[in-house]
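Please look over the sequence and the model below before reading on. The paragraphs after it are meant to be read with both in view.

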Amino acid sequence: MTLKECKKEEKADREFQKKFKFEESINVLTQMMVDPAATEKRGGGKNLPLRRGEILDVIQFTNQEQILCRNSKRRYGYVPRAVLLHL
């Protein structure tokens with residue numbers, strides 16, 4: 001990984017921590033897959049855009065309806081639990 005990519009990732013992580021008021025260090029708890037039968041969603045606000053079959057890193061289990069996740073493009077947001085499958 002180049003220095004430029006490293007700094008870009010650090011900046012994205014700081015923005016995430018500020019936007020979601022996440023004060024802990026960012027640790028991946030597990031990975032989950034978006035259900036291939038689910039409808040794709042654009043996201044917006046604090047919701048993560050969804051693509052069928054995409055693998056997401058789980059950052060925090062927030063409540064019964066949503067999970068805080070990160071996608072492969074290092075974008076963060078909430079994802080409904082109903083559309084996620086365990087790997």
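What follows goes from the whole chain to the sheet, then to the cores and a few single residues.

The model is predicted. In the protein chain there are 1 helix and 5 strands, and read along the sequence they give the pattern α-β-β-β-β-β. The radius of gyration is 13 Å, close to the 12 Å from the globule rule for 87 residues, so the chain is as compact as a globular protein of that length. The C-alpha trace spans about 40 × 25 × 25 Å along its principal axes. Of the 87 residues, 29% are buried. The accessible surface of the protein chain is about 6,200 Å², and carbon and sulfur atoms account for 48% of that surface. Among contacts with a separation of 6 or more, 47% join residues 24 or more positions apart.

The 5 strands form an open sheet with antiparallel pairing, in the order S4-S3-S2-S1-S5. Strand S4 (76-80) and strand S5 (84-86) stand at the edges; each has a single partner strand, so one side of each is left without a neighbour in the sheet. On average, neighbouring strands of this sheet are turned by 50° against each other, with direction ignored. Strands of a sheet pair through backbone hydrogen bonds, either parallel or antiparallel.

Two of the pairings can be followed residue by residue. Strand S1 (residues 30-34) pairs with strand S2 (residues 55-61) in the antiparallel sense over 4 bridges. Thr-30 has Val-58 as its bridge partner in S2, and Met-32 has Leu-56. S2 and S3 also run antiparallel and are joined by 4 bridges. These two strands form a hairpin with 4 residues between them, and Phe-61 stands opposite Ile-67 in S3.

Which residues make up the largest nonpolar core? This core has 12 residues: Met-32, Val-34, Ala-38, Leu-48, Leu-50, Leu-56, Val-58, Ile-67, Cys-69, Val-79, Val-83 and Leu-84. S1, S2 and strand S3 (66-70) are the elements that give two or more residues to it. A second, separate core has 6 residues, among them Phe-16, Ile-59, Leu-68 and Tyr-76. In a regular strand the side chains alternate between the two faces of the sheet.

Met-32 belongs to the largest core. Leaving out residues up to four places away in sequence, Met-32 touches Glu-54, Ile-55, Leu-56, Val-58, Ile-67, Leu-84, Leu-85, His-86 and Leu-87.

The loop between S1 and S2 holds both Lys-41 and Glu-54. Is Glu-54 buried or exposed? With a relative accessible area of 7%, Glu-54 falls under the 20% limit and is therefore buried. Beyond its neighbours within four places in sequence, Glu-54 is in contact with Met-32, Met-33, Val-34, Pro-49, Asn-71 and Ser-72.

Lys-41 has a relative accessibility of 44% and so counts as partly exposed. Apart from neighbours within four places in sequence, Lys-41 is in contact with Pro-49, Leu-50 and Pro-80. Lys-41 and His-86 are 45 residues apart along the chain, and their C-alpha atoms are separated by 20 Å.

Key
Residues are numbered from 1 along each chain as its sequence is written. This is a predicted model: local features need pLDDT of at least 70, side-chain atom pairs count only at pLDDT 80 or more; totals for chains, interfaces and linings use all residues. Side-chain values use heavy atoms; hydrogens and water are left out. Two strands pair if DSSP finds at least two bridges between them. Axes are lines fitted to C-alpha atoms, for helices over the stretch in contact, and angles run from 0 to 180 degrees between N-to-C directions. A nonpolar core is a set of buried Ala, Val, Leu, Ile, Met, Phe, Trp, Tyr and Cys residues joined through side-chain atoms within 4.5 Å. Buried means under 20% relative accessible area, exposed over 50%, partly exposed in between (1.4 Å probe, protein chains only). Contact means heavy atoms within 4.5 Å. The radius of gyration is taken over C-alpha atoms; the globule rule is 2.2 Å times the number of residues to the power 0.38. Accessible areas come from the Shrake-Rupley method with a 1.4 Å probe; for residues, only the protein chains shown count as cover.
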